[in-house]
Amino acid sequence: MRESAADGPRRPPPDGLRVPPPAGPSRGAAFTFRFDGRQITAYPGETIGAALLAAGIRRLRTTRFAGTPRGLLCGIGSCFDCLVTVDGRGSQRACLTPAIPDAEVEVQDVPRAT
Ligand code: FES
């Protein structure tokens, strides 16, 4: 049976914004990595960008000139709007970089150009 707006407010999904897995094999055991000091849950095969999006995090870097926030845009490695620092390596595309247990991921803030 489908829900309609008349059924009342929607309940939040049980796992943040992550799409529920299809019936069948398990998605694997969850693990965590850190993003700016916050524990983020991920599953095997997910990218850092997918896990952050599922956790409701959209700001991944700021622009050099205006300091405006950027995040996932294309999701396929073309736009470079999702650059983050992973274990000290800068300019990693969150949409392509697999999430790994215990990684330290940080927002990539570039000092403002003057
Ligand atoms: S979202 Fe475009 S390169 Fe990652």
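## A strand pair, a sheet and a core

Thr85 stands opposite Glu106 in β7. That spot belongs to a join between β5 and β7, where 3 bridges hold antiparallel strands together. Two strands pair if DSSP finds at least two bridges between them.

A word on the background: this is a predicted model, where local features need pLDDT of at least 70, side-chain atom pairs count only at pLDDT 80 or more, and totals for chains, interfaces and linings use all residues. Residues are numbered from 1 along each chain as its sequence is written.

Stepping back, the chain has 1 helix and 7 strands, in the order β-β-α-β-β-β-β-β from the N terminus. Helices (H or I, at least four residues) and strands (E, at least two) are DSSP runs, numbered from the N terminus. Five strands make an open sheet with mixed pairing, ordered β2-β1-β7-β5-β6. Its edges are β2 and β6, each pairing on one side only.

Now for the largest nonpolar core, which has 19 residues. Such a core is a set of buried Ala, Val, Leu, Ile, Met, Phe, Trp, Tyr and Cys residues joined through C-beta atoms within 7 Å. Buried means that 20 or more other C-beta atoms lie within 10 Å of a residue's own, with C-beta atoms placed from the backbone.

The most comes from α1, with 5 residues. Ile48, Ala51, Leu52, Val84 and Ala94 have the most contacts inside the core.

How values were computed:
Buried ≥ 20, exposed ≤ 12 C-beta atoms within 10 Å, placed from the backbone.
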